[in-house]
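User: I have a structure to go through with you. Can we take it piece by piece?
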Amino acid sequence: MAKDEIKKIGISTGGGDCPGLNPVIRAVVHTAINNYGWEVIGIKDSFTGLIYPDQIMPLSLEHVRDILHKGGTIIGTTNRGNPFHWEKQKKDGSVEIVDYSDRVMENFEHLGLNALVVVGGDGTMKIAQQFFEKGMSVVGVPKTIDNDLSATDVTFGFDSAVRTASEALDKLRSTAESHHRVMVVEMMGRHSGWIALHSGLAGGAHVILIPEIPFDLELVASKLKERRKQGDQYSIIVVAEGAVPKEGEMSMLGKRPDGTVLLGGMGQKVGSALSDMTGVDIRVLVLGHLQRGGSPTEFDRILGTRYGEAATHLIAENDFGKMVALRGTAIKGVPITEAIGQTKQVYPDGTMVKVARSMGICFGDK
Ligand code: F6P
């Protein structure tokens with residue numbers, strides 16, 4: 001397709017929301033209109049707008065005015081929106097799983113779309129790849145607070161989540177110190193400990209438990225005792241929701257319809273067990289969806305803008321099946337397949353863990 005044959009493109013945001021989605025949408029709209037004169041439409045709630053085409057919205061420069069600093073996404077999202085495995089509500093209230101992928105392909109044609117920018121995490125990128133293989137002209141943009149997508153150094157949303165989590169630790173420190181208490185803070189991140197590690201380091205945590213380093217609570221209890229002996233009567237323990245005890249399993253709240261696990265509860269388990277073991281006054285806090293909310297940090301606004309701009313140029317170059325990625329300081333187009341092959345996890349022997357250990361932070365393994 002020649003550059004001047006492209007007339008209209010769509011954009012969708014899928015999976016859990018995060019700060020930085022609106023800067024991406026704004027950048028795609030500006031780049032498409034200012035550089036190429038294309039029309040842009042927003043596909044609402046991930047792929048829902050391609051199943052029910054009344055669920056779309058025009059995106060002009062006017063529509064994206066004043067959204068750079070806003071959290072969430074103006075076109076909506078869902079993490080239950082896989083057209084290949086769509087949960088169709090039947091009249092009797094029961095749910096039937098249907099494959100709506102052909103319907104999506106047809107509506108893509110009917111809407112006169114020449115390409116689609118898909119913004120999402122690994123689940124959404126897998127769907128984008130499946131549509132690419134069906135013949136849709138797709139480019140991807142990596143999003144998630146978890147920072148667990150391979151092929152890119154960073155996903156946008158991560159920096160904002162780390163900011164929120166570190167600010168929470170700053171606030172908890174004063175109350176923990178005043179009451180001579182231990183505060184256990186559970187953080188998101190699925191099977192990767194990036195948010196826990198980075199915010200724990202930025203927020204001065206004394207213990208950080210992450211999925212990549214299975215923990216032994218006896219060692220954590222010893223760390224608390226050692227701190228008390230040194231005269232430090234309070235401690236901050238960060239627990240990633242996917243953290244795993246050496247002898248035990250991850251803590252799950254349940255399973256999603258697509259089979260993925262909903263993690264949660266490890267903070268409470270750690271807090272209760274430590275309280276029994278040490279007799280210390282412990283309080284547990286689950287930061288939860290606070291980490292996905294609020295205004296994007298400057299870093300995420302700029303990264304989102306760079307990603308959106310680069311993704312639009314990929315369309316002009318007919319470079320489909322690619323995802324934009326940050327490599328060092330450059331934005332590159334990489335095959336979507338590279339991003340979805342493997343979850344990006346913290347290296348237990350990597351620099352960040354080493355730095356944290358030098359700061360005296362305990363990971364519950366020694
Ligand atoms: O992937 C982002 C994320 O916030 C994870 O950190 C968390 O495990 C999950 O989504 C929560 O999903 P939900 O929005 O379904 O509660």
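**Rings, charges and a sheet**

Analyst: Lys344 lies over the face of Trp194, 5.7 Å from the ring centre. A charge counts as over a ring if NZ of Lys or CZ of Arg is within 6 Å of the ring centre and within 35 degrees of the ring normal. This is a predicted model: local features need pLDDT of at least 70, side-chain atom pairs count only at pLDDT 80 or more, and totals for chains, interfaces and linings use all residues. Residues are numbered from 1 along each chain as its sequence is written, and side-chain values use heavy atoms, with hydrogens and water left out.

User: What lies over the face of Tyr234?

Analyst: Arg227, at 5.4 Å from the ring centre.

User: How many aromatic pairs are there?

Analyst: Six. Rings of Phe, Tyr and Trp (its six-membered ring) pair if their centres lie within 6.5 Å; planes under 30 degrees apart count as stacked, over 60 as edge-to-face and the rest as tilted. Among the pairs is Phe47 with Phe131, tilted, at 5.3 Å centre to centre and 40° between the planes.

User: Where do Phe47 and Phe131 lie?

Analyst: Phe47 is in the loop between β2 and α2 (48-51), Phe131 in helix α4 (residues 122-133), so the pair ties together parts 84 residues apart in sequence. Helices (H or I, at least four residues) and strands (E, at least two) are DSSP runs, numbered from the N terminus.

User: Is Phe47 buried or exposed?

Analyst: Buried, with a relative accessible area of 0%. Buried means under 20%, exposed over 50%, partly exposed in between (1.4 Å probe, protein chains only).

User: New topic. What is the strand order in the open sheet?

Analyst: β3-β2-β1-β6-β7-β14-β15, with mixed pairing. Two strands pair if DSSP finds at least two bridges between them.
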